[in-house]
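Hi,

Here is the model I promised to pass on. Have a look at it first, and my notes follow below.

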Amino acid sequence: MIGAHTDSPTLRVKPISKKQAEGFIQVGVETYGGGLWHTCAVSPYIWLGPAGVASVLLSLIPGFDRDLSIAGRAMVKTEKGDYSQKLVKIDRPSMKPLTTIHLDRQETFTFNKETQLLPIAGLVAADLNRTGQPREPATPESSTTSNETSTKSFAPLQATTERHHPYIVELIAQEAGVPPASVIDFEMILYDTQKACIGGLNNELIFSARLDNLGMSYCSTMGLINSLSSPTALDNERSIRLISLFDHEEIGSNTAQGADSNFLPAFIRRLSVFGPRNDETETAYEQTLATSFLVSADMAHSVNPNYASKYEADHKPEMNKGTVVKVNANARYATNSPGVVLIEEVARRGEVPLQLFVVRNDSSCGSTIGPMLAAALGARTLDLGNPQLSMHSIRETGGVYDVDHGVKLFKSFFEHYSDLEGKIIVD
């Protein structure tokens, strides 16, 4: 098994986001996860253009803009009266002038995430020019003695066009293919529309948002697919090849979609008893876990040349030199020696380089979904990930060749695990 997570730190639109101040239309957002917010904030803008564009420009301290847009899930009411979800991505950003920071010069940049991270969606005057009239809340229907009419007019919550700026709701409705009145609620985040690209003097680097942890999610997915490329790939296979991509790792994983839920154990339990019943069915789940192995795949920290002293002297992972095996004596990572032996042999057969990482004793250590899944399953587990720079920044940096290293390593893991599992003997 390979486990990874798909979420990244971001800004999410609040349930009531409609704000206005000093002639500006603003949008209330809340922070998700432990983002490096100073890399994406001084004066954020959402520009709602005439072509239906919703984009955000986040002015960085050196003066760099981030052009973001809105994406997420909308719950809409169908013509039949049902409620269904629609995935929405507004994919048309536009440029907007940079705001000045000269009125608040600071040696060390600090800001208040509640009061100074409000995206500017435009000008009140511009919205009046577009619509020809001010935006007013919907007028309540006249009272009536009819219980039926009273029930229909009663609204437990304000309409979305009252809780949010109507134009934002219109854009979401347009992308969802429904009228604005059919958008009952939504969960929208702001994302960087600048596409990932190859960079570096020799095209050896990847510049992208959300490498943590879409990088390892991609490698695990492609490793599984590539391990099945041969028509005879499963002819002698005794194991089930599985990947599980979780949400909410950045906020602790303690949700229904997170790794600290019952999802993976319940799924494995159902797989373990699949097929005809026999005398071993009652303990099939426990037997399955005893012979299973989980790779927890989460991006790792590459050595940063400007902060090399922050790394343990003999454990400085480098980009494009192989996937990093993470070790921690206090079980912040789930790696142990039998697991290292297994992954080393897997890497040898796949001809993939590996690196080792531990944190300094005077530095705190992060964690992954590995320890919590190891505790929940009782299965052997190892933590690893490709090295990267600028983790949790709005724009991260990774190595081009490490993507290939990750895919090859996971392909080899799926292809050779059944053969290797019985050869690593632990009393």
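Let me start with the contacts over the whole chain: of those between residues at least 6 apart in sequence, 73% join residues at least 24 apart. Contact here means heavy atoms within 4.5 Å.

Before you dig in, some housekeeping. This is a predicted model, where local features need pLDDT of at least 70 and side-chain atom pairs count only at pLDDT 80 or more, while totals for chains, interfaces and linings use all residues. Residues are numbered from 1 along each chain as its sequence is written, and side-chain values use heavy atoms, with hydrogens and water left out.

The overall numbers

The chain has 427 residues, and 44% of them are buried. I call a residue buried under 20% relative accessible area, exposed over 50%, and partly exposed in between (1.4 Å probe, protein chains only). The accessible surface comes to about 23200 Å², with 53% of that belonging to carbon and sulfur atoms; the areas are Shrake-Rupley with a 1.4 Å probe, and for residues only the protein chains shown count as cover. The secondary structure comes to ten helices and 19 strands. Those are DSSP runs numbered from the N terminus: H or I of at least four residues for helices, E of at least two for strands.

Strands count as paired if DSSP finds at least two bridges between them.

Strand S11 (residues 205-208) runs antiparallel to S19, and four bridges join them. Leu 205 sits opposite Gly 399, and Ser 208 is opposite Glu 396. Strand S18 (residues 387-389) is also antiparallel to S19, with two bridges between them; there, Leu 389 has Thr 397 as its bridge partner. S18 and S19 form a hairpin with six residues between the strands, and in it Ser 390 takes a positive phi near 60°.

Which way do the residues of S19 point? Glu 396 and Gly 398 go one way, Thr 397 and Gly 399 go the other, and all are buried.

A few individual residues

Glu 237 is in the loop between helix H5 (211-227) and S12. Is Glu 237 buried or exposed? Glu 237 counts as buried, because its relative accessibility is 19%. The side chain of Glu 237 makes polar contacts with the side chains of Arg 241 at 2.8 Å and Ser 418 at 2.3 Å. By polar contact I mean a pair of N or O atoms within 3.5 Å; within protein, one must be able to donate a hydrogen and the other to accept it, and residues adjacent in sequence count only if both atoms are side-chain atoms. Leaving aside neighbours within four places in sequence, Glu 237 touches Phe 414 and Ser 418.

Val 340 lies in helix H8 (residues 337-350) and is partly exposed, at 25% relative accessibility. Beyond four places in sequence, Val 340 is in contact with Val 325, Thr 335 and Leu 382. Val 340 and Asp 383 are 43 residues apart in sequence, with 9.6 Å between their C-alpha atoms.

Gln 158 is in the loop between helix H2 (147-153) and helix H3 (160-163). Gln 158 is partly exposed, with a relative accessible area of 43%, and its C-alpha is 9.9 Å from that of Ile 184, 26 residues away along the chain.

Cheers
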